[in-house]
Amino acid sequence: MRLWLRGLVLQALRNFRGVCGVHGPPPPVPAPQIMATWEAINLGKKPVPEYFNFAHDVLDVWSQLEKDGHRPLNPAFWWVDGTGAEVKWSFEELGEQSRKAANVLGGACGLQPGDRMMLVLPRLPEWWLISVACMRTGVVMIPGVTQLTEKDLKYRLQISRAKSIITTNSLAPHVDAISADCPSLQTKLLVSDSSRPGWMNFKELLREASTGHNCVRTKSRDTLAIYFTSGTTGNPKMVEHSQSSYGLGFVASGRRWVALTESDIFWNTTDTGWVKAAWTLFSAWANGACIFVHELPQVGAKVILNTLTKFPVTTLCCVPTIFRLLVQEDLTRYSFQSLRHCLTGGEALNPDVREKWKSQTGLELHEGYGQSETVLICANLRGMMIKSGSMGKASPPYDVQIVDDEGKVLPPGEEGSVGVRVRPTRPFCFFNCYLHWGLNSGPHAC
Ligand SMILES: *[C@@H]1O[C@H](CO)[C@@H](O)[C@H](O)[C@H]1NC(C)=O
(Lines give C-alpha, C1' and ligand atoms only; values in the text may rest on other atoms or scores of the structure.)
Protein backbone atom coordinates (compact mmCIF):
# COMPACT_ATOMS: atom_id res chain seq x y z
CA MET A 1 0.00 0.00 0.00
CA ARG A 2 2.70 2.35 1.01
CA LEU A 3 4.82 1.48 -2.00
CA TRP A 4 1.91 2.04 -4.25
CA LEU A 5 1.27 5.46 -2.77
CA ARG A 6 4.86 6.40 -3.18
CA GLY A 7 4.68 5.29 -6.80
CA LEU A 8 1.78 7.63 -7.28
CA VAL A 9 3.62 10.58 -5.83
CA LEU A 10 6.61 9.94 -8.04
CA GLN A 11 4.33 9.67 -11.03
CA ALA A 12 2.81 13.02 -10.12
CA LEU A 13 6.25 14.53 -9.95
CA ARG A 14 7.18 13.17 -13.33
CA ASN A 15 4.08 14.65 -14.87
CA PHE A 16 4.68 18.02 -13.34
CA ARG A 17 5.96 20.71 -15.63
CA GLY A 18 7.24 23.95 -14.17
CA VAL A 19 5.50 27.20 -14.93
CA CYS A 20 8.70 29.14 -14.75
CA GLY A 21 10.35 30.60 -17.82
CA VAL A 22 9.22 30.40 -21.42
CA HIS A 23 12.09 28.42 -22.88
CA GLY A 24 11.58 25.20 -20.99
CA PRO A 25 13.60 25.43 -17.78
CA PRO A 26 15.15 22.25 -16.40
CA PRO A 27 12.71 20.07 -14.48
CA PRO A 28 12.39 21.29 -10.91
CA VAL A 29 14.00 19.49 -8.01
CA PRO A 30 10.82 17.88 -6.67
CA ALA A 31 10.16 18.93 -3.12
CA PRO A 32 9.68 15.47 -1.63
CA GLN A 33 12.99 14.47 -3.19
CA ILE A 34 14.81 17.55 -2.02
CA MET A 35 16.05 15.62 0.99
CA ALA A 36 17.58 13.04 -1.37
CA THR A 37 19.13 15.86 -3.38
CA TRP A 38 20.58 17.31 -0.21
CA GLU A 39 22.00 13.90 0.78
CA ALA A 40 23.55 13.36 -2.64
CA ILE A 41 25.25 16.76 -2.53
CA ASN A 42 26.38 16.15 1.03
CA LEU A 43 27.94 12.82 0.04
CA GLY A 44 29.61 14.41 -2.96
CA LYS A 45 27.59 12.22 -5.34
CA LYS A 46 25.97 15.16 -7.05
CA PRO A 47 27.04 18.75 -7.55
CA VAL A 48 24.85 21.60 -6.40
CA PRO A 49 22.48 22.11 -9.37
CA GLU A 50 23.46 24.96 -11.65
CA TYR A 51 20.03 26.50 -11.41
CA PHE A 52 18.01 26.71 -8.25
CA ASN A 53 15.07 28.81 -7.22
CA PHE A 54 13.23 27.94 -4.04
CA ALA A 55 9.91 29.39 -5.21
CA HIS A 56 9.97 27.48 -8.46
CA ASP A 57 11.75 24.30 -7.41
CA VAL A 58 10.11 23.80 -4.06
CA LEU A 59 7.03 25.93 -3.42
CA ASP A 60 5.48 25.46 -6.85
CA VAL A 61 6.03 21.72 -6.61
CA TRP A 62 4.18 21.56 -3.28
CA SER A 63 1.44 23.56 -4.92
CA GLN A 64 1.11 21.00 -7.67
CA LEU A 65 1.17 18.08 -5.25
CA GLU A 66 -1.51 19.80 -3.21
CA LYS A 67 -3.66 20.28 -6.30
CA ASP A 68 -3.27 16.62 -7.18
CA GLY A 69 -4.33 15.60 -3.69
CA HIS A 70 -0.92 14.32 -2.65
CA ARG A 71 -0.53 16.50 0.41
CA PRO A 72 -2.29 16.46 3.77
CA LEU A 73 -4.82 19.24 4.20
CA ASN A 74 -2.30 21.33 6.07
CA PRO A 75 -2.01 24.98 5.09
CA ALA A 76 1.31 26.44 4.01
CA PHE A 77 0.89 29.59 6.05
CA TRP A 78 -1.33 30.50 9.00
CA TRP A 79 -1.24 33.94 10.56
CA VAL A 80 -3.28 35.13 13.55
CA ASP A 81 -3.25 38.45 15.35
CA GLY A 82 -4.69 37.31 18.67
CA THR A 83 -7.90 39.33 18.30
CA GLY A 84 -9.59 36.99 15.83
CA ALA A 85 -8.11 38.08 12.52
CA GLU A 86 -6.63 35.19 10.54
CA VAL A 87 -4.85 34.65 7.24
CA LYS A 88 -4.56 31.07 6.01
CA TRP A 89 -2.96 30.15 2.70
CA SER A 90 -2.57 26.81 1.01
CA PHE A 91 0.56 26.40 -1.14
CA GLU A 92 -1.64 27.24 -4.10
CA GLU A 93 -2.80 30.50 -2.50
CA LEU A 94 0.70 31.35 -1.36
CA GLY A 95 1.79 30.84 -4.95
CA GLU A 96 -0.94 33.10 -6.28
CA GLN A 97 -0.40 35.85 -3.72
CA SER A 98 3.36 35.80 -4.11
CA ARG A 99 3.09 35.96 -7.91
CA LYS A 100 0.94 39.06 -7.47
CA ALA A 101 3.55 40.49 -5.11
CA ALA A 102 6.24 39.65 -7.67
CA ASN A 103 4.30 41.66 -10.23
CA VAL A 104 4.24 44.60 -7.82
CA LEU A 105 8.03 44.43 -7.42
CA GLY A 106 8.69 44.05 -11.13
CA GLY A 107 5.88 46.38 -12.21
CA ALA A 108 5.09 49.40 -10.05
CA CYS A 109 8.47 49.24 -8.30
CA GLY A 110 10.41 48.64 -11.50
CA LEU A 111 12.81 46.24 -9.79
CA GLN A 112 15.05 44.02 -11.91
CA PRO A 113 16.83 40.79 -10.97
CA GLY A 114 19.81 41.67 -8.78
CA ASP A 115 18.26 44.90 -7.49
CA ARG A 116 18.15 45.14 -3.73
CA MET A 117 15.16 45.71 -1.50
CA MET A 118 15.10 46.38 2.21
CA LEU A 119 12.41 44.47 4.02
CA VAL A 120 11.59 45.94 7.42
CA LEU A 121 8.28 44.57 8.59
CA PRO A 122 6.91 43.26 11.86
CA ARG A 123 5.30 39.81 11.90
CA LEU A 124 2.84 40.48 9.07
CA PRO A 125 1.85 38.10 6.24
CA GLU A 126 3.39 40.57 3.81
CA TRP A 127 6.86 39.63 5.12
CA TRP A 128 6.47 36.12 3.70
CA LEU A 129 4.86 37.34 0.49
CA ILE A 130 7.69 39.75 -0.22
CA SER A 131 10.30 37.13 0.61
CA VAL A 132 8.80 34.75 -1.93
CA ALA A 133 8.22 37.58 -4.42
CA CYS A 134 11.93 38.41 -4.20
CA MET A 135 12.76 34.80 -5.10
CA ARG A 136 10.36 34.92 -8.06
CA THR A 137 11.83 38.16 -9.39
CA GLY A 138 15.47 37.63 -8.45
CA VAL A 139 15.33 40.74 -6.28
CA VAL A 140 17.79 40.55 -3.41
CA MET A 141 16.16 40.95 -0.02
CA ILE A 142 17.79 42.76 2.86
CA PRO A 143 15.81 42.05 6.02
CA GLY A 144 16.02 44.41 8.97
CA VAL A 145 14.46 44.74 12.41
CA THR A 146 11.77 47.33 13.04
CA GLN A 147 13.89 48.84 15.85
CA LEU A 148 16.34 50.37 13.35
CA THR A 149 17.14 54.02 13.99
CA GLU A 150 17.51 56.69 11.29
CA LYS A 151 21.25 56.31 11.50
CA ASP A 152 21.02 52.52 11.06
CA LEU A 153 18.64 52.89 8.14
CA LYS A 154 20.84 55.45 6.44
CA TYR A 155 23.95 53.31 6.84
CA ARG A 156 22.18 50.22 5.50
CA LEU A 157 20.48 51.94 2.58
CA GLN A 158 23.63 53.75 1.52
CA ILE A 159 26.09 50.90 1.73
CA SER A 160 23.73 48.31 0.22
CA ARG A 161 22.52 50.73 -2.48
CA ALA A 162 19.03 49.35 -2.02
CA LYS A 163 16.62 50.59 -4.67
CA SER A 164 13.52 50.01 -2.64
CA ILE A 165 12.28 49.65 0.90
CA ILE A 166 9.08 48.16 2.26
CA THR A 167 7.95 48.99 5.78
CA THR A 168 4.99 50.14 7.88
CA ASN A 169 3.77 53.50 9.21
CA SER A 170 5.92 53.39 12.30
CA LEU A 171 9.21 53.42 10.41
CA ALA A 172 8.15 55.48 7.36
CA PRO A 173 8.90 58.90 8.92
CA HIS A 174 12.44 57.75 9.73
CA VAL A 175 12.94 56.61 6.17
CA ASP A 176 11.64 59.96 4.90
CA ALA A 177 14.05 61.82 7.15
CA ILE A 178 17.06 60.16 5.49
CA SER A 179 15.79 59.50 1.94
CA ALA A 180 17.56 62.53 0.51
CA ASP A 181 20.89 61.06 1.63
CA CYS A 182 20.21 57.75 -0.10
CA PRO A 183 20.40 58.41 -3.84
CA SER A 184 19.89 54.75 -4.82
CA LEU A 185 16.54 54.56 -3.07
CA GLN A 186 13.90 54.90 -5.76
CA THR A 187 10.71 53.41 -4.43
CA LYS A 188 9.18 53.28 -1.01
CA LEU A 189 6.43 50.78 -0.33
CA LEU A 190 4.09 51.02 2.61
CA VAL A 191 2.16 48.15 4.19
CA SER A 192 -0.74 50.07 5.62
CA ASP A 193 -4.44 50.77 5.24
CA SER A 194 -3.71 54.47 4.87
CA SER A 195 -1.64 56.33 2.32
CA ARG A 196 1.44 58.47 2.74
CA PRO A 197 2.88 61.01 0.29
CA GLY A 198 5.97 59.74 -1.51
CA TRP A 199 5.05 56.12 -0.77
CA MET A 200 3.26 53.46 -2.80
CA ASN A 201 0.64 51.44 -1.02
CA PHE A 202 1.54 47.77 -1.20
CA LYS A 203 -1.88 46.42 -0.25
CA GLU A 204 -3.60 48.43 -2.99
CA LEU A 205 -1.05 47.44 -5.59
CA LEU A 206 -1.33 43.81 -4.55
CA ARG A 207 -5.11 43.84 -4.91
CA GLU A 208 -4.82 45.08 -8.49
CA ALA A 209 -1.83 42.97 -9.52
CA SER A 210 -2.18 40.09 -11.95
CA THR A 211 -1.61 36.52 -10.80
CA GLY A 212 0.36 35.57 -13.91
CA HIS A 213 4.10 35.69 -13.41
CA ASN A 214 7.07 33.85 -14.88
CA CYS A 215 9.61 33.10 -12.20
CA VAL A 216 13.13 34.17 -13.15
CA ARG A 217 15.70 31.43 -13.64
CA THR A 218 18.25 31.92 -10.94
CA LYS A 219 21.59 30.20 -10.74
CA SER A 220 22.37 28.53 -7.44
CA ARG A 221 25.16 31.05 -6.89
CA ASP A 222 22.99 34.11 -7.59
CA THR A 223 22.35 36.33 -4.62
CA LEU A 224 19.23 35.63 -2.60
CA ALA A 225 19.69 37.87 0.39
CA ILE A 226 22.03 40.22 2.18
CA TYR A 227 22.10 40.25 5.94
CA PHE A 228 23.63 42.88 8.13
CA THR A 229 25.46 41.21 10.92
CA SER A 230 27.21 42.99 13.71
CA GLY A 231 30.81 41.95 13.87
CA THR A 232 32.90 42.26 16.98
CA THR A 233 34.16 45.66 15.88
CA GLY A 234 32.97 48.48 13.64
CA ASN A 235 29.90 48.72 11.48
CA PRO A 236 27.74 45.71 10.69
CA LYS A 237 29.00 43.62 7.81
CA MET A 238 26.97 42.60 4.79
CA VAL A 239 26.71 38.83 4.50
CA GLU A 240 25.64 37.65 1.07
CA HIS A 241 23.70 34.40 0.72
CA SER A 242 23.01 32.55 -2.50
CA GLN A 243 19.81 31.02 -3.84
CA SER A 244 20.99 27.58 -2.79
CA SER A 245 22.94 28.27 0.42
CA TYR A 246 19.72 28.76 2.33
CA GLY A 247 17.27 27.22 -0.13
CA LEU A 248 19.00 23.85 -0.04
CA GLY A 249 20.94 24.40 3.15
CA PHE A 250 17.99 24.11 5.52
CA VAL A 251 16.46 20.98 4.09
CA ALA A 252 18.23 18.59 6.42
CA SER A 253 18.18 20.66 9.60
CA GLY A 254 14.49 21.35 8.96
CA ARG A 255 13.94 17.60 8.91
CA ARG A 256 16.30 16.49 11.67
CA TRP A 257 16.46 19.36 14.11
CA VAL A 258 13.09 21.03 13.62
CA ALA A 259 11.70 17.55 12.78
CA LEU A 260 9.23 18.88 10.25
CA THR A 261 6.98 16.90 7.95
CA GLU A 262 4.09 17.86 5.68
CA SER A 263 1.66 17.47 8.58
CA ASP A 264 3.43 19.83 10.95
CA ILE A 265 2.57 23.35 12.01
CA PHE A 266 5.66 25.25 13.03
CA TRP A 267 5.54 28.36 15.16
CA ASN A 268 8.72 30.36 15.66
CA THR A 269 7.92 33.29 17.92
CA THR A 270 11.11 35.18 17.01
CA ASP A 271 10.89 38.50 15.20
CA THR A 272 10.89 38.48 11.40
CA GLY A 273 13.55 41.16 11.21
CA TRP A 274 16.29 39.14 12.82
CA VAL A 275 18.88 37.96 10.45
CA LYS A 276 17.89 34.37 10.83
CA ALA A 277 14.14 34.74 10.29
CA ALA A 278 14.62 33.10 6.91
CA TRP A 279 15.64 29.92 8.77
CA THR A 280 12.01 29.24 9.59
CA LEU A 281 10.86 29.87 6.06
CA PHE A 282 13.33 27.54 4.42
CA SER A 283 13.25 24.71 6.96
CA ALA A 284 9.46 24.65 7.06
CA TRP A 285 8.61 25.03 3.41
CA ALA A 286 11.40 22.76 2.16
CA ASN A 287 9.72 20.05 4.21
CA GLY A 288 6.19 20.99 3.23
CA ALA A 289 5.25 22.10 6.75
CA CYS A 290 2.95 24.97 7.68
CA ILE A 291 4.41 28.19 9.06
CA PHE A 292 2.32 29.54 11.91
CA VAL A 293 2.70 33.19 12.87
CA HIS A 294 1.19 35.16 15.72
CA GLU A 295 1.56 38.90 15.27
CA LEU A 296 2.51 39.12 18.97
CA PRO A 297 2.42 42.89 19.46
CA GLN A 298 3.66 42.12 22.96
CA VAL A 299 5.43 38.88 23.62
CA GLY A 300 3.99 37.44 26.83
CA ALA A 301 4.00 34.00 28.38
CA LYS A 302 0.21 33.81 28.66
CA VAL A 303 -0.35 34.72 25.02
CA ILE A 304 2.02 32.01 23.92
CA LEU A 305 0.54 29.37 26.21
CA ASN A 306 -3.03 30.24 25.22
CA THR A 307 -2.11 30.11 21.55
CA LEU A 308 -0.67 26.62 21.99
CA THR A 309 -3.93 25.62 23.64
CA LYS A 310 -6.11 27.14 20.96
CA PHE A 311 -4.23 26.23 17.77
CA PRO A 312 -2.84 22.88 16.60
CA VAL A 313 0.80 24.01 16.64
CA THR A 314 3.00 20.90 16.61
CA THR A 315 6.43 22.52 16.77
CA LEU A 316 7.54 25.51 18.78
CA CYS A 317 10.70 27.60 18.77
CA CYS A 318 11.35 30.44 21.21
CA VAL A 319 14.53 32.04 22.49
CA PRO A 320 15.65 30.74 25.90
CA THR A 321 14.48 33.98 27.57
CA ILE A 322 10.91 33.20 26.54
CA PHE A 323 11.11 29.62 27.77
CA ARG A 324 12.32 31.02 31.05
CA LEU A 325 9.13 33.07 31.23
CA LEU A 326 7.00 30.10 30.20
CA VAL A 327 8.29 27.80 32.94
CA GLN A 328 7.42 30.43 35.53
CA GLU A 329 3.73 29.90 34.73
CA ASP A 330 1.69 27.06 36.11
CA LEU A 331 1.89 24.89 33.01
CA THR A 332 -0.50 22.29 34.39
CA ARG A 333 -3.32 24.75 33.74
CA TYR A 334 -2.78 24.51 30.00
CA SER A 335 -3.50 21.64 27.73
CA PHE A 336 -1.66 22.07 24.46
CA GLN A 337 -3.57 20.85 21.45
CA SER A 338 -0.83 19.28 19.36
CA LEU A 339 2.58 20.35 20.60
CA ARG A 340 5.15 17.58 20.20
CA HIS A 341 8.55 19.15 19.46
CA CYS A 342 10.29 22.20 20.97
CA LEU A 343 13.39 24.10 19.96
CA THR A 344 15.47 26.98 21.13
CA GLY A 345 18.53 28.97 20.15
CA GLY A 346 19.98 32.43 19.86
CA GLU A 347 21.27 32.54 23.44
CA ALA A 348 22.65 29.98 25.86
CA LEU A 349 19.94 27.81 27.37
CA ASN A 350 20.04 27.46 31.12
CA PRO A 351 19.86 23.70 31.94
CA ASP A 352 17.41 24.52 34.68
CA VAL A 353 14.90 25.95 32.18
CA ARG A 354 15.17 22.88 29.98
CA GLU A 355 14.57 20.56 32.93
CA LYS A 356 11.58 22.53 34.17
CA TRP A 357 10.03 22.62 30.71
CA LYS A 358 10.57 18.90 30.34
CA SER A 359 9.20 17.94 33.71
CA GLN A 360 6.09 20.09 33.30
CA THR A 361 5.24 19.34 29.68
CA GLY A 362 6.99 16.05 29.03
CA LEU A 363 8.69 17.68 26.07
CA GLU A 364 12.39 17.93 25.43
CA LEU A 365 13.97 21.27 24.43
CA HIS A 366 16.26 20.95 21.43
CA GLU A 367 18.92 23.60 21.32
CA GLY A 368 20.63 24.64 18.11
CA TYR A 369 23.38 27.04 17.12
CA GLY A 370 24.31 28.73 13.88
CA GLN A 371 25.42 32.09 12.52
CA SER A 372 24.19 34.37 9.80
CA GLU A 373 27.04 33.14 7.56
CA THR A 374 25.92 29.53 7.90
CA VAL A 375 22.93 27.31 8.38
CA LEU A 376 22.69 25.17 11.50
CA ILE A 377 26.20 24.43 12.84
CA CYS A 378 25.36 22.19 15.74
CA ALA A 379 22.25 21.05 17.51
CA ASN A 380 20.49 18.52 19.64
CA LEU A 381 18.67 16.70 16.87
CA ARG A 382 15.38 14.92 17.29
CA GLY A 383 15.88 11.63 19.06
CA MET A 384 19.36 12.45 20.31
CA MET A 385 20.33 11.87 23.94
CA ILE A 386 20.71 15.37 25.34
CA LYS A 387 23.49 16.17 27.76
CA SER A 388 22.52 18.90 30.16
CA GLY A 389 24.15 22.19 29.15
CA SER A 390 25.25 20.94 25.73
CA MET A 391 24.16 22.61 22.55
CA GLY A 392 24.54 19.39 20.65
CA LYS A 393 26.65 17.85 17.95
CA ALA A 394 27.94 19.04 14.60
CA SER A 395 25.24 19.33 12.01
CA PRO A 396 26.19 18.01 8.53
CA PRO A 397 27.54 19.06 6.11
CA TYR A 398 29.73 21.01 8.50
CA ASP A 399 32.87 19.62 10.02
CA VAL A 400 32.82 21.36 13.38
CA GLN A 401 35.69 21.24 15.88
CA ILE A 402 36.74 23.10 18.98
CA VAL A 403 39.87 25.02 17.98
CA ASP A 404 42.42 27.34 19.55
CA ASP A 405 43.22 30.85 18.31
CA GLU A 406 45.45 29.44 15.55
CA GLY A 407 42.72 27.12 14.34
CA LYS A 408 44.35 23.98 15.77
CA VAL A 409 41.88 21.32 16.87
CA LEU A 410 41.84 20.99 20.66
CA PRO A 411 41.57 17.70 22.57
CA PRO A 412 38.23 16.82 24.19
CA GLY A 413 37.40 18.73 27.34
CA GLU A 414 39.39 21.83 26.47
CA GLU A 415 37.88 25.22 26.01
CA GLY A 416 38.22 26.99 22.67
CA SER A 417 36.22 28.41 19.79
CA VAL A 418 33.76 26.67 17.52
CA GLY A 419 35.52 26.18 14.20
CA VAL A 420 33.87 25.23 10.91
CA ARG A 421 36.12 23.69 8.24
CA VAL A 422 35.99 25.62 4.96
CA ARG A 423 39.12 24.17 3.32
CA PRO A 424 39.73 22.32 1.10
CA THR A 425 35.99 22.09 0.47
CA ARG A 426 33.77 25.01 1.21
CA PRO A 427 30.48 23.68 2.60
CA PHE A 428 27.69 24.08 0.05
CA CYS A 429 25.40 25.80 2.51
CA PHE A 430 27.73 28.60 3.34
CA PHE A 431 27.41 32.33 2.61
CA ASN A 432 28.85 33.67 -0.65
CA CYS A 433 30.97 36.45 0.78
CA TYR A 434 31.12 39.67 2.77
CA LEU A 435 30.26 42.70 0.67
CA HIS A 436 32.31 45.89 1.03
CA TRP A 437 33.88 44.58 4.16
CA GLY A 438 36.52 47.03 5.25
CA LEU A 439 38.72 48.86 2.75
CA ASN A 440 40.83 45.89 1.75
CA SER A 441 39.40 42.58 0.84
CA GLY A 442 39.49 40.50 3.98
CA PRO A 443 38.98 36.76 4.01
CA HIS A 444 35.72 35.80 2.25
CA ALA A 445 35.28 39.29 0.79
CA CYS A 446 33.54 39.54 -2.57
C1 LIG B 1 13.55 30.89 14.79
O2 LIG B 1 13.90 32.18 14.31
C3 LIG B 1 15.13 32.67 14.74
C4 LIG B 1 15.34 34.06 14.20
O5 LIG B 1 14.31 34.59 13.51
C6 LIG B 1 16.24 31.76 14.32
O7 LIG B 1 17.47 32.21 14.82
C8 LIG B 1 15.95 30.36 14.79
O9 LIG B 1 16.95 29.50 14.34
C10 LIG B 1 14.60 29.90 14.30
N11 LIG B 1 14.34 28.57 14.80
C12 LIG B 1 14.26 27.53 14.00
C13 LIG B 1 14.00 26.23 14.71
O14 LIG B 1 14.34 27.57 12.80
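Colleague: How are α4 and α5 oriented relative to each other, roughly parallel or roughly perpendicular?

Modeller: Angles under 35 degrees count as roughly parallel, over 145 as roughly antiparallel, 65 to 115 as roughly perpendicular and the rest as oblique. In this predicted model, helix α4 (residues 91-106) and helix α5 (residues 125-137) pack at about 65 degrees, their axes 8 Å apart; α4 and α5 are therefore roughly perpendicular. Axes are lines fitted to C-alpha atoms, for helices over the stretch in contact, with angles from 0 to 180 degrees between N-to-C directions. Helices (H or I, at least four residues) and strands (E, at least two) are DSSP runs, numbered from the N terminus.

Colleague: Which residues of α4 and α5 make the contact?

Modeller: Two residues are in contact if their C-beta atoms, placed from the backbone, lie within 7 Å. Among them are L94, A101 and L105 of α4 and L129, I130 and V132 of α5.

Colleague: Which residues are closest to the ligand?

Modeller: A residue is near a molecule if its C-beta atom, placed from the backbone, lies within 6 Å of it. Here 13 residues surround the ligand, the closest being N268, T270, K276, A277 and C317. Both α11 (277-286) and β13 (341-345) give two or more residues to this shell, and α11 gives the most, with four.

Colleague: What is the average pLDDT of the protein?

Modeller: pLDDT is the predictor's confidence in each residue, from 0 to 100. The protein averages 90, and 91% of the residues score at least 70. Over residues 1-22, however, the pLDDT is below 50. Local features need pLDDT of at least 70, side-chain atom pairs count only at 80 or more, and totals for chains, interfaces and linings use all residues. Residues are numbered from 1 along each chain as its sequence is written.
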